[in-house]
Each structure stands twice: as C-alpha cells, then as structure tokens.
Amino acid sequence: MKNYIVILLTLITAIVSAQSTRKYSNEFMNIGVDAAGLGMSNAVVSQTADVNSGYWNPAGLVNLEDNQLALMHSSYFANIANYNYIGYGMPLDDRSAVGVSLIRFGVDDILDTTQLIDDEGNINYDRISTFSTADYGLTFSYARKLPLDGLNFGVNAKVIRRIIGDFASSWGFGLDAGIQFENDSGWKFGVMARDITTTYNTWSIDEEKFEQISGAVEGQNQELPETTEITIPKLEIGMSKKWIFNYDYSLLAAANLNVRFEENNDIFSTSFASINPALGFEFGYTDLVFLRGGVGNFQNERQIDNSENLTFQPNFGVGFKYKGIQIDYAFTDIGDQSAALYSNVFSLKIDFSIFR
C-alpha cells in the first residue's frame, strides 16, 4: 500500500511542483483535436477550415458556411486517462465567424490511501477513498476576413481550470492569435501563436489536506509548493496546397514548423528556440473517402552510451464524409517509434446544413 501513497504524492507534486515558470504547463492543450488533423501529424495550421479551426488556427473559422459541431474521444495509458473534446462554430456574416470549444483530460477514481493507516498504526481499508484529477480548457474564438483578399485572422481567449481532488485547484487565462493567407496559385500559408501573452495558472492548495500527506514520505513534501505557473508562448508556421486530378481525386500536402522558445530534444534546438517539423498528406476520392498520413515529433534521443538517435512519430488516418456528416479515425505511434500519448482516436463532425 505504500506504493499507492508514493504514486499519489508523485501525482500531486508533479502537477503543482515549485517552479515559477514551468516549460510544460498545460500540456494537455497541445495534444490536438480532430482525428483528421492528428492523422496528418498536426500539419494543418495553414489549411484548417472548419469548426476545429478554433483549436488549430482560429483564422480558419471564416470558411464556415453553416453551423458545425465536432466531437472527439481518445483514451490514454490503457484507458486510465480519457481525453474528450467538443467544439461548436458558426458564421456571423460573410466576413466573420465565432466558435467555442471545451477540452477535458482527466483520470478518475484514483485511490487515496493517505489515511489507510489509522492513528494507532492499524491498516483500515475502509479509510480508502477515491478522487479525480481533471484539466479543462474552455476556448472562445473569433475570426474575420481582412480587406486584403485571401488574408484572414483569428483570436482565442482561453480559460483553464485544473482540479486535483480536494487537494488543489487552479484557474488560468491566456490568448492565441492566428492568420491564414491563400495566394492566386492555391498555396496556403498559416501562422498560429499560442499563449502569446503567456498563460498564467494560479493554484489554490488545501493546507489541511497538504498537512495530512506532508509526512507520508520522510523528507518530501515538507513545504507548500509555489502557486503560480506560466506557460511560455509557442509558434506554428505552416504551408499547404491541394491538387485535383480527373475531377474525382485530390491530394493535399502540408508542412508545419513547430517552434518552442526553449532548448529541448527537438531535431533543431538552440538556447533560444527549438524547431520540430511535421509533414502530412490527405488523399481524397470524390470528397467522400479520405486516406491520411504524416510524420512528426522528430527527437534527438540520447542513448545509454551517450550517442544520439533520431526518432520520429508516424501517423495514419482515414475519413468518411456524407451529406454533412464526417467520421474520422487516426492511428498513431506506428511501429513504436516514439512514446506517443495516444493510439486510437475517433472524431465526428456535423454540418448543420443537413438539417436545412
């Protein structure tokens, strides 16, 4: 039972640990939504043009011709954690659109064994309880066409809510901004800046609960952690083009450069910034059936002998669209080339034009 206590303490300290600036704060907001985009290794910032643009690049919302609803579900870590997403978008007029989306990433029914041993040193299983840890991201999006033909912009306002049972909770706020441009040749370009003002999370910790676990492992958790996290900005730059063959066949090719302002294991990394490329394609037939693939998450991984190997994550996906209803599936981590957080992803998109 001591292992349960260690796991619980590790979970709490990992999420609420004492650092004023955390490089990987709110990482659940970077997983992605929509199996179509995930099947292309997230290389969609330049061509996203539906309700899911509120996540990928809000500028794409101006392409909505009617209201749309999107849903996605994925399970992680042998179904221990669940990732769910719902999004809704609608055009305001022929030049602007709005959207709202909600992401939940959570682990439920975690055993709380901190009170397993009573004051007399006896093990009492009736003292075991359960709790949940969940992260919520609520995003409000606005997009508008600019006077320059082919140029659109969009902004996101994000509210972050994170809860760890009765132990701690936090609120966070942040902003994103994106642009898209399409030239006369059909090439599309996009830029998405996430957390442009840095996203702040402020934690509230139950000191009475903390006192109960502060002595569970000797020498650990003796002081309250810091209560502020800052998510540093990230930049995504993309380009894409779609070709039509014999009216029925189409090929979409896309590339992204994902920039983090930190030094890490990305394929290109300096003390100022790290760059990770992603490539994706989508082959379509009569705008009905789609086959997708991509490769991304290029990492320089250090081995036991201090040598470095280049690893990557391939992705695969399929989709089906009929009269405004689109079902997509993505399969990732093919061949175990990387430690992906997800493997099977399903999503649904409904265009309200089918009800008109």
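These legends go with a set of views of a predicted model.

View 1. Take the contacts between residues at least 6 apart in sequence: 56% of them join residues at least 24 apart. The accessible surface comes to about 18,100 Å², and carbon and sulfur atoms account for 57% of that surface.

**View 2. The hairpin made by S6 and S7.** Strand S6 covers residues 168-182, strand S7 covers residues 188-194, and the two run antiparallel, paired over six bridges. To find your way along the pair, look for Gly 178, whose bridge partner in S7 is Met 192. Five residues sit between the two strands, and one to spot in the turn is Gly 186, with a positive phi of about 90 degrees.

**View 3. S7 meets S10.** S7 also pairs with strand S10 (residues 234-245), again in the antiparallel sense, this time over seven bridges. Which residue of S10 stands opposite Val 191? That's Ile 237.

**View 4. Stretches where pLDDT stays under 50, including residues 1-20.** Across the chain, the mean pLDDT is 84, and 82% of the residues reach 70 or more. Over residues 1-20, though, pLDDT stays under 50, and the model has 46 contacts beyond four places in sequence for this stretch. Residues 334-340 also stay under 50, with 13 such contacts beyond four places in sequence.

Terms used
Residues numbered from 1 in each chain as written. Predicted model: local features only at pLDDT ≥ 70, side-chain atom pairs only at ≥ 80, totals over all residues. Heavy atoms only, no water. Pairing = 2+ DSSP bridges. Helix = DSSP H or I, 4+ residues; strand = E, 2+ residues; numbered from the N terminus. pLDDT = per-residue confidence, 0-100. Contact = heavy atoms within 4.5 Å. Areas by Shrake-Rupley, 256 points an atom, 1.4 Å probe, with all protein chains shown as cover.
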